[in-house]
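Morning, everyone. I have one structure to go through today, and I will keep to what can be read from the model.

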Amino acid sequence: MSKTIITVENVGKKYTLKHQNSEQYSSLRDVLANTAKSIINPKSKLLSGASEEFWALDDISFDVKQGERLGVIGRNGAGKSTLLKVLSRIVTPTKGRITIDGRVASLLEVGTGFHPELSGRENIFLNGSILGMSKSEIKSKFDEIVAFSEVEKFLDTPVKRYSSGMYVRLAFAVAAHLEPEILIVDEVLAVGDAEFQKKCMGKMKDVSGEGRTVIFVSHNMQAVSNLCDTGILLNKGKVEIQGKVEDCIKKYMTSSRGINLTGLSLSDRLSRTSGGVFFEEVKGIKNGEECWDFNFDEDIAINFKVTASKDVPSLGFYIAVRNPFSEEIISNFKTVICNSTLQKDESRVFTVSVPKKSFRPGQYGLYFALSNSEYKEFYDVLDNNVNIPMLNINPISMDAHENAGFVSLPFNLKIND
Amino acid sequence: MSKHKIIIEPGTENSNYIKDLWNYRGLFYFLAWRDILVRYKQTVIGILWSVLQPLISIVVFTIVFNKLGGFKAEGNVDYAILVCAGMLPWQFFSSSFSSSANSLIANSNLLSKVYFPRLIVPASTVIVTLIDFLISFLILVGLFVWYGFLPDAKIFFLPLFLILALVTALGTGLFIAALNVKYRDFKYVIPFIVQFGFFISPVGYSSSVVYNSERIPELLKYAYALNPMVGVIDGFRWCILGGDTPLHTMPFVSSIVISIFFLIVGVWYFRKMEKSFADVI
């Protein structure tokens, strides 16, 4: 293949997590107060500075060749977005070295810098210049951009009056006409209707066909395997494997989705609950194997094994399903598992199954809880606070009407004649 | 292709910073253009606002201090012109200072999503207020006509003092902007600085009032001159009012020294903090 265009050597990015105040920016008052405290009593710093180092990227090395289409995959929090931010020079790495030989354009968000009060025409110029295009470049591509976006009629309308679909189309149209040597794209295709997504994927393929390098991050494995030929799988800030994109996806689908409950922070779980009964095992099951990725037309099954750590009078089980922003979609599926005393070390095994096509394609946060039969005392809670995997439903068609929304409603239609 | 070669490493200074600034001049222009366009969208009188605000302050000052308080300008200059010559540079400074100091927070979505030399953001906001200043200059012209006042040739030195005001506003603005990213307290400090600065700057009075006063101790007169806007406003009056309006040496020299000092410190601190902006914003 051709020459190496990006070299990443031992790159690390460290963040300091503050447990007391989660805000990254601090208040001057706190700084002054803490400084005063540490002067008066040097030991107190140990108490107030309850901070923890966290390597979002940990010793990452890889090369990208010219014309390569690299897919970066990994679970939430694996470091994908941080990697893209470091490559795009938005944040500086804490250690290591990156050499980039070419003009980089990064698209970490659709419509960065769009101003709602400005018209579509004005926003094309503004957004284009933010993405690194010169004025003459934008002018010469203007008609192409407008045609691609399909919003000709509303060019002089402020974009605050646009539908969200029009907004996304316009924003992507600008980005699609960038002509850098290296294009870095984060999860931006997750928006927009299926028809337009297809168009965008096609455009990105064209771009790389012209000898440009593309680095693409997505949770949509179909999109990644469609577009990319090589891949990197990140896990907890480290490169798990690098190579052919199929291998990375395969590995991602099987191992990295697995959930090892003993590894989940028990103290986090205990701080919110009384801990009489624990989830010992939670597994999404597909064809007898552990899996949290299901196609839209596959039945979903989740196996549970729970064990009592002391005698409890009864056991209730509770499920909620949330969107990726932790907003409830379905709340409070309650079931009494056992109405009599569950003795210490006694276990119960059960399966929750959901028929195929119930959940629309997308990602869902899961919430499981164990309680007594009145649902008053909680024994154990599993949710994204302890980083349990998301339920991933993959689309099987590009039909927008089938892919939109969260759940399908079973309904009957009766014709009265 | 090697002309675009970039090496990203922690701790190293970006040696291409000046080149990058030049390459991103288009963005500089577009950000200023955006702010100007957005400014007066959905307003009825639009750009007239940049005339109306200083005009009303001048009228209020003239009524309260001149007509009711008995403040007078020296010589045969009208008080309204004296206030106007102080109000315009002060308005320019205070709005450039506060908008550049707040600019990074206001554009936080840009900072966390795209790379560009961050200096562009506060610098482009100063351009917007500069345009406002040029428009509000019409007031002065109006007052000249109204009072039948003809400035002398010294008015051609005005751009020099405008540059001095710009340097002061940019230097302090950059410094506070960088601090504001990390310590949001500065959001509350900015209006206070502007209000306090207004009273210690000779907007409603002439610097001669301070220098000719026998009740003010010498030491305080030196302290007074430390405010770089004293030199700027005195300079504006020297250019606009003409005649024998004095240009006090002490505030003039200290204004030049201090504003350059602020600019150097501001740019230095901004550059030092710039790399961590996206991490903390």
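This is a predicted model: local features need pLDDT of at least 70, side-chain atom pairs count only at pLDDT 80 or more; totals for chains, interfaces and linings use all residues.

First, the contact. The size of an interface is often given as the accessible area lost when the parts come together. Here chain B and chain A bury about 4,100 Å² between them, and 61% of that area is on carbon and sulfur atoms.

Now the polar side of the contact. Between chain B and chain A the count is 9 residue pairs in polar contact, both residues being at pLDDT 80 or more.

On charge, side chains of opposite charge can pair when their charged atoms come close. There are 4 salt bridges between chain B and chain A. One of them links Glu9(B) with Arg97(A), where the closest N and O atoms are 3.3 Å apart.

The chains also meet through strands. Strand 4 of chain A, residues 95-101, is joined by 4 bridges to strand 1 of chain B, and the two run antiparallel. Within that pairing, Ile7(B) in strand 1 of chain B has Thr99(A) opposite.

Next, the sheets in chain A. One is an open sheet of 6 strands in the order 5-6-7-3-8-9, with mixed pairing. Which strands are at its edges? Strand 5 (104-107) and strand 9 (238-244) of chain A are, each pairing on one side only. From one strand to the next, the twist averages 15 degrees.

Inside this sheet, strand 6 (residues 182-186) and strand 7 (residues 213-217) of chain A run parallel, joined by 5 bridges. Ile182(A) stands opposite Thr213(A) there. Helix 3 of chain A, residues 80-87, packs on the sheet and touches strand 3 (69-74), strand 6, strand 7 and strand 8 (230-235). The direction of helix 3 makes about 150 degrees with that of strand 6 of chain A.

Chain A also has an open sheet of 4 strands, in the order 11-10-13-16, with antiparallel pairing. Its edge strands are strand 11 (289-290) and strand 16 (347-354) of chain A. Strand 13, residues 300-308, is joined to strand 16 of chain A by 8 bridges. In that pairing, Ile300(A) has Val354(A) as its bridge partner.

Last, salt bridges over all chains: the structure holds 23. Take Glu53(A) and Lys14(A), whose closest N and O atoms are 3.3 Å apart. Glu53(A) lies in strand 2 (residues 51-65) and Lys14(A) in strand 1 (residues 4-18) of chain A, so this pair ties together parts that are 39 residues apart in sequence.

That is the end of my part.

Terms used:
Residues are numbered from 1 along each chain as its sequence is written. Chains are lettered from A and ligands numbered from 1 in the order in which they are written. Side-chain values use heavy atoms; hydrogens and water are left out. Buried area is the accessible area (1.4 Å probe) that two parts lose on being put together, summed over both. A salt bridge is a side-chain nitrogen of Lys or Arg within 4 Å of a carboxyl oxygen of Asp or Glu. A polar contact is a pair of N or O atoms within 3.5 Å; within protein, one must be able to donate a hydrogen and the other to accept it, and residues adjacent in sequence count only if both atoms are side-chain atoms. Two strands pair if DSSP finds at least two bridges between them. Axes are lines fitted to C-alpha atoms, for helices over the stretch in contact, and angles run from 0 to 180 degrees between N-to-C directions. Contact means heavy atoms within 4.5 Å.
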